[in-house]
Amino acid sequence: MVFKHKIRNIILPLGIAFCLTQCTEPGRDGGLFLPDGFTSVVVVDSIPERVRHMDVTEDNILYAKLRNSKEDGVVAAIQDTDGNGEADIIEKFGGSNGPQRWSYATAMRVYNDYIYFSSELVVYRQKLNPGTLVPEGEVEVVLTDDHEHGKHEHIAKPVAFDDEGNMYVPFGAPSNACQDPKRTPGVPGMDPCPQLEDHGGIWKFDANKLGQTQKDGVKYATGIRSVVALTWNPTDGELYGLMHGRDDLLRLWPDKYTPWESALLPSEEFMKITEGSDFGWPYCYYDQLKGKKVLAPEYGGDGEIIGRCDQYEDPIIGFPGHWAPNDVVFYQGDQFPDRYKDGAFIAFHGSTNRSPYPQSGYFVGFVPFKDGKPSGDVEVFADGFAGVDPLVSVRDAVYRPMGIAFGPDGSMYISDSVKGKIWKIIFNGDRNNFGEEQLLAMEDRKKLSHIRTPDEIKDNLISGGLVGGPKAYQTYCSACHQRNGKGAPGRFPPLTGTDWVTGDKERLISVVLRGMEGSLKVGDEVYNGLMPQHSFLSDQEIAEVLTYIRSNFGNDASAVSKNEVTKLREQLQESGENGPIQVQTD
C-alpha cells in the first residue's frame, strides 16, 4: 500500500527547505550548533510516525524507516520533484498490506539495489527500480528471529553488509546481566551464561538468501550485550559497532556503587568486531575512567577487580555510560574538509537512566581515524537537539538524534526520534583552511551538563532526606519512568493518563510483583521496554511506592495498602503465577 503526500503545506512550515544539492540561502538554518563552515537545513519538520534509521540512494532519494507503523506505511521515501529545494513529496509504503510486527524499526540500508529494513523480529528487503520512488516488487523476508520467547529487551535488528555479499545482524541479550530472575538486586549472574549460545553477539548471513533464521547464520562475535549502531568500514574492510553497556549498577548493587559511578558507568564501547572476537558480556564491563575491563558485580566484581576480564577484547574507545549510540557511519564523501575523511560519525541518542544526575548524550559526535585507528578523542559535531540544559528527564528533550546517512554529494542527514524531524548538514566554508580554530566553539559545548563529566556534588539533582514512597520511586523507578513520571518514548511508558496506573489496583500490584514483558500500548504509542519484577521489595515498600505513583504525576487515585499487597502476594504464591505478565500489541 502506498500513500502519497504533497507536503509543502502539510509537513513543512513556511521557509523550510530540502536541498538535494548544496543550498545556502538565508532563513533556512536548521538550528543546530555545528563547526564553523557547516550549515544545517531542515529536510522535513516532522513525520508523525517518527524516524529511526535512514539511507540515501545514488539518485538522491532518502529512505527512512518509521518508528511506529500505521496503516499508511512503515517506510518513507522523500524526494524533491520540482527542483525548488523543498521536500514536496513523502511517500509512505508497506502499511497494512505488508508484513506484521513492524514496530521498533532499527535498520534502513541500501545494498545491492535493495532497501533492507527491520522490525524487532524480522529483516526485510525490497527491490529498488531505477526511476521509481517506491519499490514495486514484493516485500521479501530475509531473516526471521524465530525464538519461542518472541520479543525481549535488546531485540533491535540493525544490519551491515561487507564487500563479499554477507549481512551482519546482532541478536541482543535478553537480559541486563544474565541474572535469574533478571534485574533483581543482589542476584548473581548465571555462570556460564546460557544466553550466550544464541544471543549477546553478531551473526553473519548470506545477504541474498531469503527465508533465513538464526541457524542459517554463523556466530561472528560474542560477549556483546546490545547493538543498535552497526556498520561496515569500507576503508579497512572491517565491521564496527557500538555496544550499549549494562544498566542498574546502583539499583542492583547499592553497597558497591555510588549514584555518580552508576551514572557514568559502564562505558558505551566502540568496537572493531573481527570474526571470533569476544567482548566479555556479561562477565565484564569496560570502565572508561580506568581504561580497562573489570569484573561485573554479578560475578564477584566490585568496580576494581579485573579477574577473568583480561582475556576479553577492549573497545577502540570507551564513551561515557548511557549515551546510547544508535548509529555510526564512516565518512567517504568529498564535500566535508579532509579531517573528516574516513572518520566515524556517531549519533548519541541520549541517556534515560542517569538520575540523580542530568541526562547525557543527545548529540552527534565525530571520531577521527588514521591508519585504521582512532586518532583523537570524540568531537562534538552537531549539538542543540535537546534544546534544554540541564536535561532532567528524557521527555524534556525537544529532539534526539537517531540516524545518520550521507548523500552522493557528501552531505549528511540526521534523523530525530521524537518528532520525526530530518536535517541536512552541508559544508560551505573553506575546505583548505579548516582546522582547530573552526572547532573551538564545539569544544566549548563539552562544558555543558549533557556532555561533561558531572560534578559528584554540584550536579546531583536530588536533595537528601527522601523517605517512603518518594525514596522507593527514586531508587527503583525513576531510571526508567523518569523523575517526572513521563517515561521514555518507545521504551518506558508514562505513569500518567493510563488505566494501568490509576485503574485496577490488583493488576498494578501484580505487575510490580511479577514484572511485565512484551509490547504495551499507552495512548497512541507502543512501548517495548521491560518491567522487571520487584517482588524483592517488602509489602510496605510496594504499597508506599504505588500510593506515591497513584497520587502524583497528575494522578488522583486511591492509596494502596500493605494488606492489599500482602493478600495478592499470597494468592500468587499459592497459584504459582510468578512469571512476568505477557502483553502484546501488534
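How many nonpolar, polar and charged residues does the lining of the largest pocket have? By class, there are 21 nonpolar, 9 polar and 8 charged residues in that lining. Keep in mind that this is a predicted model.

A word on the approach: rolling a probe the size of a water molecule over the atoms shows where empty space is left. Here, the largest pocket holds about 970 Å³ of space. Its lining takes in 38 residues, and those nearest the centre are Asp55, Val56, Glu58, Val110 and Phe406. Strands do a lot of the talking in this lining: β3 (51–56), β7 (108–111), β11 (160–161), β16 (227–233), β23 (325–330) and β29 (401–406) are the elements that give two or more residues to it.

Next comes the second largest pocket, at about 560 Å³. It is lined by 26 residues, with Leu250, Lys471, Gln474, Thr475 and Tyr476 closest to its centre. The largest share belongs to α4, which supplies 6 residues. Sorted by class, the lining of this second largest pocket has 9 nonpolar, 12 polar and 5 charged residues.

**How α8 packs against α7 and α9**

Helix α8 turns up again here, in contact with α7 and with α9. Two packed helices are described by the angle between their axes and the distance between the axes. Here is that description for both pairs:

| Helix pair | Axis angle | Axis distance |
|---|---|---|
| α7 (505–514) and α8 | roughly 125 degrees | within 11 Å |
| α8 and α9 (562–575) | about 120 degrees | 8 Å |

Take α7 and α8. With axes crossing at roughly 125 degrees, α7 and α8 are therefore oblique to each other. The crossing of α7 past α8 is right-handed. On the α7 side, Lys505, Leu508, Ile509, Val512 and Leu513 make the contact, and they meet Ile542, Leu546 and Arg550 of α8. By class, that contact of α7 with α8 has 6 nonpolar and 2 charged residues, and no polar ones.

Now for α8 and α9. Their axes are 8 Å apart and pack at an angle of about 120 degrees, which makes α8 oblique to α9. This crossing, of α8 past α9, is right-handed. Asp539, Gln540, Ile542 and Ala543 of α8 make contact with Lys562, Val565, Thr566 and Arg569 of α9. The class count for α8 with α9 comes to 3 nonpolar, 2 polar and 3 charged residues. Ile542 is worth a click in the viewer: it is listed in the contact with α7 and in the contact with α9.

Most residues other than glycine have a negative phi, and most peptide bonds are trans. So which peptide bond has omega near 0 degrees? The bond from Asp180 to Pro181 does, and it is cis. Pro181 sits in the loop between β12 (166–171) and β13 (201–206).

Leu265 and Pro266 are also joined by a cis peptide bond, with omega about -5 degrees. You'll find Pro266 in the loop between α2 and β18 (268–273).

Finally, Asp371 has a positive phi, near 55 degrees, although Asp371 is a residue other than glycine. The loop between β26 (369–370) and β27 (373–374) is where Asp371 is found.

Conventions:
Residues are numbered from 1 along each chain as its sequence is written. This is a predicted model: local features need pLDDT of at least 70, side-chain atom pairs count only at pLDDT 80 or more; totals for chains, interfaces and linings use all residues. Side-chain values use heavy atoms; hydrogens and water are left out. On a 1 Å grid over the protein atoms alone, a cavity is a set of points where a 1.4 Å probe fits but cannot get out, and a pocket is an open set with protein on both sides within 12 Å along at least five of seven lines; lining residues have an atom within 4 Å of a point. Grid points are joined across faces, edges and corners, and a volume is the space filled by probe spheres set on the points. Helices (H or I, at least four residues) and strands (E, at least two) are DSSP runs, numbered from the N terminus. Ala, Val, Leu, Ile, Met, Phe, Trp, Tyr, Cys and Pro count as nonpolar, Asp, Glu, Lys and Arg as charged, and the others, Gly among them, as polar. Axes are lines fitted to C-alpha atoms, for helices over the stretch in contact, and angles run from 0 to 180 degrees between N-to-C directions. Angles under 35 degrees count as roughly parallel, over 145 as roughly antiparallel, 65 to 115 as roughly perpendicular and the rest as oblique. A crossing is left-handed if the near helix is turned anticlockwise from the far one by less than a right angle, and right-handed if clockwise. Contact means heavy atoms within 4.5 Å.
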